[in-house]
Amino acid sequence: TTPTFAGRMRDIDRFENVYSAGDTYVNGVVLIQKFSPDGAKLWERTFRPEVQVRANWVAAVPDGGVYVVGFKWITSDQYPVGYFVLRYDADGNLVFSDIVDGTAAQANRAEADHAGNVYVTGGLYDAGVFRIGIVKYTAAGRQWICPVVNPNGTGFPGTPLPTGLFVSDNDAWIAASGTSGYNFYVQSCDPSGFKRFQDFQNNSVYAAAVAVNNAGEVYFGNGLPGGAGMQIRKYSPTGVLQWTNLYSPGDYIHRLALDSLGNVIAIGPDYGTSYYANWVTMKVAPNGAKLWSNTFSGLDGNNEIPNFVAVDGQNNVYVTGSGGPYVTAANGSRYLQMVTLKYSATGLPAWNITSPAGFSGDAIRLSDDGVSLYVQGYGQMYTARYRQTGLGEVPAAPTGLSATAVFTGLSYKVTLAWTDNA
């Protein structure tokens, strides 16, 4: 933990070194830390230009380096006034920075491909023109901008907020999403910066989630006014809408992930008939059929929100966020805590773990073998590694089961016996 700093995001490289980014509200300083797989701090760096800054995302690259993205801000509501992308090598040296000032400018998400290229979604000024969309970086710096165009005019209503970014496993497709007022957009670009399609629609209250598979099919998740449900739209590689489905329970979709079978995993809050939210985790088949849905509620009387979802090689699902049960402080105050849970590929709950220090889980990264989980918490930049035990094949079932009932004259007793083959 790092007192006074709030954790924002984390990633791991192929050696399972951990890169964590956070910031302080007071003075607006960004902190970047690198840890070994065993938790030893290897280095840390701070970033604080002429105004306050906030970190949004980190993306580790195969050589052990990392990109950190975020924005400059002013005023108490942290209004964005500058886009920044920082590139550090494996030893913590700053390789380059891309900083663009301007109203509403910010870098929101970053994802690396297998070659070490990094894609960022955000809003920045290019030759004096404000653009939102996908930006590509290599070791040499910024390469191109694949912009979203508002078909209704040159500007964007409200404050444009790029929110979703996804790179396909084969590195051939990059998709992004975001909001602009009550509008939402979805776009898909190729690694050269060619825009394959975009969709710009209205009637959305939240548009944080996008995913793209190796065939270029794009899934987009959002919410509708009035909490009407969790909506997923599927697009062909050329942008033709394949289907739109509304799912319940759930009010909006916060994140999407894909498993190895092409199923879509969505997470989001469900306010139901009460004022307070619970977690919803849902799996949907490529044809839009809901395969399973689970709700997590650790308490009543406060909002429990899922923040991040990840899938391992066996299609198990991991979710982290804020939830219950409450943590009660010495003075009697009650607080939410960081909750991380696992579902099997078929939706069966496997386990959940809590951390009072983490307050709210921001991210989960999985080792290649799925044994280790690296979790980022908001509270004090909480950084943890969990190791799963008992993985592998399901043990053999017990045999020789028997049950004998006995009445003692005062009570009943049942004696159970079996042969343990585990």
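**Histidine 254.** I looked up histidine 254 and found that this residue is buried, with a relative accessible area of 11%; buried here means under 20% relative accessible area, exposed over 50% and partly exposed in between, with a 1.4 Å probe and protein chains only. Histidine 254 sits in the loop between β20 (241-247) and β21 (255-258), where strands (E, at least two residues) and helices (H or I, at least four) are DSSP runs numbered from the N terminus. Leaving out residues up to four places away in sequence, I list Tyr206, Ala208, Ala209, Ile267, Gly268, Pro306 and Asn307 as touching histidine 254, a contact being heavy atoms within 4.5 Å.

**What I am reading from.** I note that this is a predicted model, in which local features need pLDDT of at least 70 and side-chain atom pairs count only at pLDDT 80 or more, while totals for chains, interfaces and linings use all residues. Residues are numbered from 1 along each chain as its sequence is written, and side-chain values use heavy atoms, with hydrogens and water left out.

**The whole protein.** I counted zero helices and 33 strands in the protein. The radius of gyration, taken over C-alpha atoms, is 23 Å, which agrees with the value near 22 Å that a compact globule of 422 residues would have; the globule rule is 2.2 Å times the number of residues to the power 0.38. The C-alpha trace spans about 90 × 45 × 45 Å along its principal axes. I also noted that 55% of the 422 residues count as buried, and that, of the contacts with a separation of 6 or more, 46% are between residues 24 or more positions apart.

**Salt bridges around lysine 72.** My search of the whole structure finds twelve salt bridges, each defined as a side-chain nitrogen of Lys or Arg within 4 Å of a carboxyl oxygen of Asp or Glu. One of them joins lysine 72 to glutamate 50, with the closest N and O atoms 2.8 Å apart. This pair links distant parts of the chain, since lysine 72 is in strand β6 (residues 66-74) and glutamate 50 in the loop between β4 (41-47) and β5 (52-60), 22 residues apart. Lysine 72 also meets aspartate 101 in a salt bridge (2.7 Å, N to O). Aspartate 101 lies in strand β8 (residues 94-101) and lysine 72 in strand β6, so this pair ties together parts that are 29 residues apart in sequence. I record Glu50, Lys72 and Asp101 as linked in a network of salt bridges.

Which of these residues are buried, and which exposed? Lysine 72 counts as buried at 3% relative accessibility, whereas glutamate 50 counts as exposed at 55% and aspartate 101 as partly exposed at 46%.

**Lysine 283 and aspartate 259.** I found a further salt bridge between the side chains of lysine 283 and aspartate 259 (3.2 Å, N to O). Lysine 283 is in strand β23 (residues 278-284) and aspartate 259 in the loop between β21 and β22 (264-270), 24 residues apart. Both lysine 283 and aspartate 259 are buried.

**Phenylalanine 84.** I placed phenylalanine 84 in strand β7 (residues 79-88) and found it buried, with a relative accessible area of 0%. Among the residues that phenylalanine 84 touches, not counting those up to four places away in sequence, are Val30, Phe47, Val53, Phe71, Lys72 and Ile99.
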